[in-house]
Amino acid sequence: MTPGGRAAPAAAAILCLATALAYGALGPGAAPSPDFQRAYLPVAERIVAGAGPTLEDGSPAVRYPPGYPALLAGGLAAGRALGASDGA
């Protein structure tokens with residue numbers, strides 16, 4: 001391995017982290033998107049409640065892909081198990 005061979009990956013990782021932090025602080029993510037409020041979060045809450053990926057009326061939630069609500073449901077369930085608020 002050449003001298004400094006490990007520095008390049010470390011520098012790239014630090015640059016990626018700094019970019020992500022800067023985007024989080026300065027980017028447009030201050031408020032959740034309307035899709036999050038209207039679609040993703042309610043479906044995730046119904047998954048956690050045991051109703052599966054469904055809408056309030058019980059029909060399947062097929063307007064948006066189910067992957068993100070399923071991911072949110074895992075986070076909600078883990079947070080609730082640890083006693084954290086849903087916002088945390």
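1. A contact here means heavy atoms within 4.5 Å. Take the contacts in the protein chain between residues at least 6 apart in sequence: 53% of them join residues at least 24 apart. Keep in mind that this is a predicted model.

2. The fold is quickly listed. The protein chain has three helices and zero strands. Read from the N terminus, its elements run α-α-α.

3. Next, burial. The protein chain has 88 residues, and 15% of them count as buried. Its accessible surface comes to about 6500 Å². Carbon and sulfur atoms account for 67% of that surface.

4. How many salt bridges does the count come to? The count comes to one. Side chains of opposite charge can pair when their charged atoms come close. Here the partners are Arg38 and Asp35, whose side chains meet at 3.7 Å, N to O. That pair qualifies because the cut-off for a salt bridge is within 4 Å.

5. Where do the two partners lie? Both Arg38 and Asp35 sit in helix 2, which covers residues 34–48. They are three residues apart, about one turn of the helix.

6. Is Arg38 buried or exposed? Arg38 has a relative accessible area of 62%. Exposed means over 50%, so Arg38 is exposed. Asp35 has 28% relative accessibility and counts as partly exposed.

Technical notes. Residues are numbered from 1 along each chain as its sequence is written. This is a predicted model: local features need pLDDT of at least 70, side-chain atom pairs count only at pLDDT 80 or more; totals for chains, interfaces and linings use all residues. Side-chain values use heavy atoms; hydrogens and water are left out. Helices (H or I, at least four residues) and strands (E, at least two) are DSSP runs, numbered from the N terminus. Buried means under 20% relative accessible area, exposed over 50%, partly exposed in between (1.4 Å probe, protein chains only). Accessible areas come from the Shrake-Rupley method with a 1.4 Å probe; for residues, only the protein chains shown count as cover.
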